[in-house]
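Q: Please take a close look at one part of this model, beginning with the overall fold and then going down to a single residue and its surroundings.

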Amino acid sequence: MRRFAAWLADSGPVIILAAIAGAGSFTHIRDTAIAHGQHGPMAWAVAVCVDLTCVMAARERQRDRKTGRPRTGLASWPTLVLAGGIVLSLAANLHQAQPSAWGWIVAATPAGAFLVAVSMLERRSTGGPRPAPSSIASASVRDGQDDEDGQDENPGPSPELLDYARKIATEYHTQHSKPISRDALRARLGVSNQLASDLLRHLRTATQPT
């Protein structure tokens, strides 16, 4: 309950802004659809499709960053979909505006505020920055190399990588109320299955009661 209250205090204002701005943008899109021959449920469906497309595209962009999915071309498909949704939303809102500078600004405000709120929620859900690829690669090499000085052959992950894995595991547990799996940890870090298993074993050993 305390966790939910903290989350609500932190993200509540952004969610309220998204709801209010989304309602204003929705109304402008619906009225534009009605003015161009889409009546009744179809006008509502058009408005829902435009706004939810922006939300869905933002979530896909977030998921691509978490899983490290490579981008093809100048922009990813979710980014192109988000850009298309933004253009449609702004066009519908500007269509309802009075033909003046302030009319356009006021009419575009709900759509702009809705998109800003969605981007803020996307940013908060993404988490902290990932370590540089060179740091992860060097940690992987150190994890599997033979020791020439007679020490342990497998010294384990570097402290920096272990600290970052611990942060990711804590965020995952906070969001999903369950321990992070090896596959989820591997996807977030972009490391091998073996290194992800080693990291998970170190984390579980550190949290066991003594």
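A: Helices (H or I, at least four residues) and strands (E, at least two) are taken here as DSSP runs, numbered from the N terminus. By that reading, the protein has eight helices and zero strands, and its order along the sequence is α-α-α-α-α-α-α-α. The model is predicted, so local features need pLDDT of at least 70 and side-chain atom pairs count only at pLDDT 80 or more, whereas totals for chains, interfaces and linings use all residues. Residues are numbered from 1 along each chain as its sequence is written, and side-chain values use heavy atoms, with hydrogens and water left out.

Of the 210 residues in the protein, 33% are buried (under 20% relative accessible area, with exposed meaning over 50% and partly exposed in between; 1.4 Å probe, protein chains only). When contacts (heavy atoms within 4.5 Å) between residues at least 6 apart in sequence are considered, 61% of them join residues at least 24 apart.

Asn93 counts as buried because its relative accessibility is 0%. Leaving aside residues up to four places away in sequence, Asn93 touches Gly24, Ser25, His28 and Ile29, and also Ala107, Ala108, Pro110 and Ala111. With Ser25, the side chain of Asn93 also forms a polar contact of 3.5 Å (a pair of N or O atoms within 3.5 Å, where, within protein, one must be able to donate a hydrogen and the other to accept it, and residues adjacent in sequence count only if both atoms are side-chain atoms). The C-alpha atoms of Asn93 and Trp104 are 8.2 Å apart in space, although the two residues are eleven residues apart in sequence.

Helix α4, which covers residues 101-126, includes Ile105. In contrast to the buried Asn93, Ile105 counts as partly exposed because its relative accessibility is 47%.

For another view of burial within a helix, consider α7 (residues 182-189), where Ala184, Leu185, Arg188 and Leu189 are buried. These residues lie on the same side of α7 because they cover an arc of only 120° around the axis, the arc being that of the directions from the helix axis to the C-beta atoms. An α-helix has 3.6 residues a turn, so residues three or four places apart point the same way. After α7 comes Gly190, which has a positive phi, near 70°.
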